[in-house]
Amino acid sequence: MAKDRFVETYSQGISNVRKIIVDTETGVNYLLISSNMTTGCGVTILVDQDGKPIITPIDTNQ
């Protein structure tokens with residue numbers, strides 16, 4: 001079975017949704033925001049205080 005490319009690591013809200021999604025190949029963290037998941041949403045890379053992408057270490061042994 002193939003590993004999912006993107007995994008949700010955090011979720012908040014029902015109508016005002018905030019989710020953090022991690023790319024399992026690169027470790028890059030993305031923020032998804034929507035006030036109503038049926039009418040659209042926004043996605044952006046999460047960055048640290050220096051403006052560099054937040055990277056989650058990836059376990060390559062799985």
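Q: Which residue in β3 is the bridge partner of K19?
A: L32 is the bridge partner of K19. This is a predicted model, where local features need pLDDT of at least 70, side-chain atom pairs count only at pLDDT 80 or more, and totals for chains, interfaces and linings use all residues. Residues are numbered from 1 along each chain as its sequence is written, and side-chain values use heavy atoms, with hydrogens and water left out.

Q: How many bridges join β2 and β3?
A: Six bridges, in the antiparallel sense, between β2 (residues 17-23) and β3 (residues 29-36). Strands are DSSP runs of E, at least two residues, numbered from the N terminus, and two of them pair if DSSP finds at least two bridges between them.

Q: What is the strand order in the sheet?
A: The sheet is open, has four strands and runs β1-β2-β3-β4 with antiparallel pairing. β1 (6-12) and β4 (40-45) are the edge strands, each pairing on one side only.

Q: Switching to N29: buried or exposed?
A: N29, in strand β3, is buried, with a relative accessible area of 7%. Buried means under 20% (1.4 Å probe, protein chains only).

Q: What does N29 touch?
A: Leaving out residues up to four places away in sequence, N29 touches I20, I21, V22, T44, I45, L46, I54, I55 and T56. Contact means heavy atoms within 4.5 Å. I55 is 26 residues from N29 in sequence, and their C-alpha atoms are 6.1 Å apart.

Q: And what does the side chain of N29 reach?
A: The backbone oxygen of G27, at 3.0 Å.

Terms used: Buried means under 20% relative accessible area, exposed over 50%, partly exposed in between (1.4 Å probe, protein chains only). A polar contact is a pair of N or O atoms within 3.5 Å; within protein, one must be able to donate a hydrogen and the other to accept it, and residues adjacent in sequence count only if both atoms are side-chain atoms.
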